[in-house]
Amino acid sequence: MAFLNYLLWLFFPKRCAVCGKIIARKEDLCDTCQQNIERIEKSCAVCGGTDKNCECRRFVYRFVGCVAPFYKGENSMKMIYNFKLHGRLDSAPFLAENIYAKIEKYYSDQKFDIITAVPMSIFKRIGKGYNHSEVIAKALARKMGAQYKDLLIKKPFRKSQHTLSRDARFENVKGMFRPISKLNYKKVLLIDDVKSTGATLNECTKELLFAGCEEVYSAVAVANVLGIEKK
């Protein structure tokens, strides 16, 4: 088995999720990226920001809480771009592992009935071949021994969120999602790759609550933390 693993690594070497450097199969990041990745050490369990850059003083969200292992910076976003735009789906277990560590720390007393992901429009899903948020959510569900299920549908033909201002994002996302059916889950864990303003998570949460869910918690791989984002 060890020889087979060596052959697999020889012909299909594992690469750092950030810089692409060849690394050992048991690793996820090279030593340099492991040291430089923008980790959130202490965070607010509601907005996902750091203790010193909490958004709760300025904004009110519909979800109970949001946690994230990384804040938005050069290395973390390069990792996300490689994952969602360049097909580096092998990074999903690493992202799920780090999200899970935050869930264990901040949501340890919660028992989730279901895990779901922010959906992608059907046309974009067909063109891309996968929903990156769903890939992370399913990896997390396996890690937690929990059930994953699609609960929302995204309507097509809307402006991309990343081109808009904060206020415009909250306006643009209105009516963008709808539940697949009437729901009756007590606690839902909603997963996305990045939280920039929280507009998408907030709108998804609204629809889940209107459909019958009692509480929605959220978790993302990377959060845009006010005041410390690296360009």
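**Presentation: buried residues, rings and spaces in a predicted model**

Good morning. Asn 202 has its place in helix α8, which spans residues 199-210. Helices (H or I, at least four residues) and strands (E, at least two) are DSSP runs, numbered from the N terminus. What we are looking at is a predicted model, in which local features need pLDDT of at least 70 and side-chain atom pairs count only at pLDDT 80 or more, while totals for chains, interfaces and linings use all residues. Residues are numbered from 1 along each chain as its sequence is written, and side-chain values use heavy atoms, with hydrogens and water left out.

Let me stay with Asn 202 for a moment. Is Asn 202 buried or exposed? Its relative accessible area is 11%, so Asn 202 is buried. The terms are set as follows: buried is under 20% relative accessible area, exposed is over 50%, and partly exposed is in between, with a 1.4 Å probe and protein chains only. Leaving aside residues up to four places away in sequence, Asn 202 touches Tyr 61, Arg 62, Phe 63 and Phe 170. Contact here means heavy atoms within 4.5 Å. Asn 202 and Tyr 61 are 141 residues apart in sequence, yet from C-alpha to C-alpha they are 6.1 Å apart in space.

Val 60 is found in the loop between α2 (31-36) and β3 (66-67). With 77% relative accessibility, Val 60 counts as exposed. Val 60 and Gly 198 are separated by 138 residues in sequence and by 10.0 Å in space, C-alpha to C-alpha.

A further asparagine deserves mention. Asn 75 is found in helix α3, residues 74-85, and is buried, with a relative accessible area of 17%. Not counting residues up to four places away in sequence, Asn 75 touches Val 18, Asn 36, Ile 37 and Glu 38.

Now the whole protein. Its secondary structure comes to 8 helices and 9 strands. Of its 231 residues, 50% are buried. If we take contacts between residues at least 6 apart in sequence, 72% of them join residues at least 24 apart. The accessible surface comes to about 12100 Å², and 53% of that belongs to carbon and sulfur atoms. Areas come from the Shrake-Rupley method with a 1.4 Å probe; for residues, only the protein chains shown count as cover.

I turn to the aromatic rings. How many aromatic pairs does a search of the whole structure find? The search finds 5. The centres of the rings of Tyr 107 and Tyr 217 are 5.0 Å apart and their planes stand at 75 degrees, so this pair is edge-to-face. Rings of Phe, Tyr and Trp (its six-membered ring) pair if their centres lie within 6.5 Å; planes under 30 degrees apart count as stacked, over 60 as edge-to-face and the rest as tilted. Tyr 107 lies in the loop between α4 (92-106) and β5 (114-117), and Tyr 217 in strand β9 (residues 215-223), so the pair links distant parts of the chain, 110 residues apart. Both Tyr 107 and Tyr 217 are buried, the latter at 6% relative accessibility.

The rings of Phe 112 and Tyr 217 are also edge-to-face, because their centres are 5.5 Å apart and their planes at 75 degrees. Phe 112 lies in the loop between α4 and β5 and Tyr 217 in strand β9, so this pair ties together parts that are 105 residues apart in sequence. Phe 112 is buried, with a relative accessible area of 12%.

The structure holds 1 cavity of 30 Å³ or more. On a 1 Å grid over the protein atoms alone, a cavity is a set of points where a 1.4 Å probe fits but cannot get out, and a pocket is an open set with protein on both sides within 12 Å along at least five of seven lines; lining residues have an atom within 4 Å of a point. Grid points are joined across faces, edges and corners, and a volume is the space filled by probe spheres set on the points.

The largest cavity has a volume of about 30 Å³. Its lining residues include Lys 14, Asp 28, Arg 88 and Phe 94. The second largest pocket has a volume of about 180 Å³. Two elements, α5 (122-128) and β6 (152-154), each give two or more residues to the lining of this pocket, and β6 supplies the largest share, 3 residues. Among the residues that line the second largest pocket are Met 120, Arg 125, Asp 150 and Lys 154. Thank you for your attention.
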